[in-house]
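This report is meant for a reader who is meeting the structure for the first time. Please look over the sequence and the model below before reading on.

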Amino acid sequence: MSETTQSVTQGNLGDRLRAQRDALVNRLRAAVGFAPREPRPPTYLFYRHTIPVRALHWLNAIILLIMLMSGLQIFNAHPALYWGNGSSFDRPFVSLTAEGTQEDFHGVTEIGPWKFNTDGWLGASDDSGVKSVRGFPEWATLPAASPNLALGRLWHFAFAWLLVANGLAYFAYVFTSGHFKQELLPTKSDIAHLPREIVMHARLRFPKGEAAKHYNGIQRMTYFVVIFVLGPLIVLTGFTMSPTMDAAFPFLPRVFGGRQSARTIHFIVAFSFVAFFIVHIVMVILSGTWNNLRSMITGRYAIETEKPHG
Amino acid sequence: MADASATNRRTFLTRMAAATSTIALAGCSDLSQKPWVLDILGEVENLTRRAQRLFAGGHALAPEYTKADIAPSFRANGTLNPNTNDYNVHVANAFKDWRIDVAGLVDKRLSLSLAQLRALPSRTQITRHDCVEGWSCIGEWTGTPLQLILAMAQPKAEARYVVFYCADPMGEASLDASGNLVQPPYYYESLDLLEATHPQTILAYRLNGQTLPVEHGAPVRLRAERQLGYKMPKYVQRIELVESFNRIAGGKGGYWEDQGYQWYGGI
């Protein structure tokens, strides 16, 4: 990995953004009862993310967004989940439905024995201004109007190719560049220091100085699971839903406990990606929105000169 | 240094704007209305078909299950009863006069009665029915392998697709602007010869050991076990071998295909 370090004084914009970020962090710290942070020491820019990582990261973000939204459109064609090979229609373990009459209905979400009123969000919501029975709401699906299973499938299966191509390009890069061993493979010390790191993260204290040049243990473990477990899992469960792929690879439905189980796992993994995305964005904001965004766009990340924690 | 930092900032802001607009564009369903977008997405369907065929080859079998896996009640979908005068006469008559005609690009036209169809060697398979909507159901189907019937009809060299015409109208008859009665389209589907001659592709006349019920396509429906449900038409009356389906109905090779669904139903 090339490490071009550059010593620069921050421009005015950088200073202003940093001041805003510090104010936000201090507000959040105040909200949970911590003392405000001391003013930050000077920084220098460190080349943190290479071009392949940055390009594939943003491509992946767009592809995943389209996959998610078209996937929710497909899900709306039969908004229920089952376990096994066949569907047990009278007892799905998750379903988004509507209750009431043709004129007056509300959306409900059923999970096992529990039932929730999710009107306006899940089960029933506005479709082009008209209250409609639909699993996920129009702002979450591609295309927006539902049902449109045919178009949802076209988008999903086209971008699935891009997702796999992007993923393979990324794998090729990380395994040939040393990025995998240096930045992604969790180490023994990562695991040993996990409790301490969780506490530090919870207190919104993020690595500084030299330590900030590399992913920390929590990042390594999270990225490892997301990229090397959830990624292949969502592709393979996707394959399992295709009848021709099941003919080609009969072990697929067996491994996942049936086609409907695979569909359920596909759904759970999709929402694990959503959960990861939310945490990812929160961490980006808490550890320095502009610094992180810049580092994923230009590659350069501002490192604070080292200073013992007060 | 100040210059470099300003350039960085400009590049940063430009790229940010580009990234944001791309994401906004992605969320924009209007793109789905553009013909060139649909063309690209449609091309990808061909890529998917070729890739799946590469792995599944001509004759890889769909998984088969045991009696214990059979769903207590097999879900019926699509047309549950054609309910036309013609069809009702056949129901009253226990389909004694039902015939399956095989025509088009064949050397020998056929017209098979149900008795003739049942007299041919049969195949029984417990398979999983996968609906395009996402649900699945396991059932035991018995029927005549389509490849036997095609062998009898002897397709001509130029035949590429097998088209199935069905007895179920999709919708009601209506009046057009000049007051003429317009008949609704009837269900139809098509497979290419590879899928049509697959060993598990059968003209099924039994479900779970019973005569095929009306809601499941009596007297004969197609089973193509590596495909989704909409590729397996019910109430099959006529089979035609063609070189292209451009001139049939909407020209896309099937009723749902004419409504925008993919012709390739293996995924």
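## A loop with two cis peptide bonds

In chain A, Pro147(A) lies in the loop that runs between strand 8 and helix 3 of chain A. The structure is a predicted model, and the peptide bond that joins Ser146(A) and Pro147(A) is cis in it, with omega about 5°. Pro143(A) is also found in the loop between strand 8 (130–134) and helix 3 of chain A, and the peptide bond leading from Leu142(A) to Pro143(A) is cis, with omega near -10°.

Another loop of chain A deserves a note on its backbone. Leu204(A) sits in the loop between helix 6 (194–202) and helix 7 (217–240) of chain A, and phi of Leu204(A) is near 60°, a positive value in a residue other than glycine.

## The two domains of chain A

Chain A is divided into domain 1, made of 50–76 + 146–290, and domain 2, which covers 80–139. The centres of domain 1 of chain A and domain 2 of chain A, taken over C-alpha atoms, are separated by 27 Å.

Where these domains meet, 13 residues of domain 1 of chain A are in contact with 12 residues of domain 2 of chain A. On the side of domain 1 of chain A that touches domain 2 of chain A, helix 2 (51–75) and helix 10 (259–286) of chain A each supply at least two residues, and helix 10 of chain A gives the most to this side, with six residues. Sorted by class, the side of domain 1 of chain A that touches domain 2 of chain A has four nonpolar, seven polar and two charged residues.

## The antiparallel sheet of chain A

Four strands of chain A form an open sheet in the order 3-4-5-6, and the pairing is antiparallel. Strand 3 (80–81) and strand 6 of chain A stand at the edges with a single partner strand each, so one side of each is left without a neighbour in the sheet.

Further into the details of the pairing, strand 4 (residues 94–100) of chain A is joined to strand 5 of chain A by seven bridges, and the two run antiparallel; Gly100(A) stands opposite Phe105(A) in strand 5 of chain A. Strand 5 (residues 105–111) of chain A pairs in turn with strand 6 (residues 114–117) of chain A, in the antiparallel sense and over four bridges, with Glu110(A) opposite Lys115(A) in strand 6 of chain A. Strand 5 and strand 6 of chain A form a hairpin with two residues between them, and Gly112(A) in the turn has a positive phi of about 55°.

## Helix 3 of chain A and its packing partners

How do helix 2 and helix 3 of chain A pack? Helix 2 of chain A and helix 3 (residues 149–177) of chain A meet at an angle of about 155°, with their axes 8 Å apart, and that angle makes helix 2 of chain A roughly antiparallel to helix 3 of chain A. The crossing in which helix 2 of chain A passes helix 3 of chain A is left-handed, and the contact between these helices has, by class, 16 nonpolar, seven polar and one charged residues.

Helix 3 of chain A also packs against helix 2 (residues 35–56) of chain B, at an angle of about 60° and with the axes 9 Å apart; this crossing is left-handed. From helix 3 of chain A the contact is made by Leu154(A), Trp155(A), Phe157(A), Ala158(A) and Trp161(A), and from helix 2 of chain B by Leu41(B), Val44(B), Leu47(B) and Thr48(B). The residues of the contact of helix 3 of chain A with helix 2 of chain B divide into eight nonpolar, one polar and no charged.

## The mixed sheet of chain B

Chain B has an open sheet of five strands in the order 2-1-12-5-8, with mixed pairing. At its edges stand strand 2 (110–113) and strand 8 (186–192) of chain B, each with a single partner strand, so one side of each is left without a neighbour in the sheet. The twist of this sheet averages 20° from one strand to the next.

Within this sheet, strand 1 (residues 99–104) of chain B and strand 12 (residues 236–242) of chain B run parallel and are joined by four bridges, and Ala103(B) stands opposite Glu240(B) in strand 12 of chain B.

Note on methods
Residues are numbered from 1 along each chain as its sequence is written. Chains are lettered from A and ligands numbered from 1 in the order in which they are written. This is a predicted model: local features need pLDDT of at least 70, side-chain atom pairs count only at pLDDT 80 or more; totals for chains, interfaces and linings use all residues. Two strands pair if DSSP finds at least two bridges between them. Domain bounds come from an automatic or database domain assignment. Two residues are in contact if their C-beta atoms, placed from the backbone, lie within 7 Å. Ala, Val, Leu, Ile, Met, Phe, Trp, Tyr, Cys and Pro count as nonpolar, Asp, Glu, Lys and Arg as charged, and the others, Gly among them, as polar. Axes are lines fitted to C-alpha atoms, for helices over the stretch in contact, and angles run from 0 to 180 degrees between N-to-C directions. Angles under 35 degrees count as roughly parallel, over 145 as roughly antiparallel, 65 to 115 as roughly perpendicular and the rest as oblique. A crossing is left-handed if the near helix is turned anticlockwise from the far one by less than a right angle, and right-handed if clockwise.
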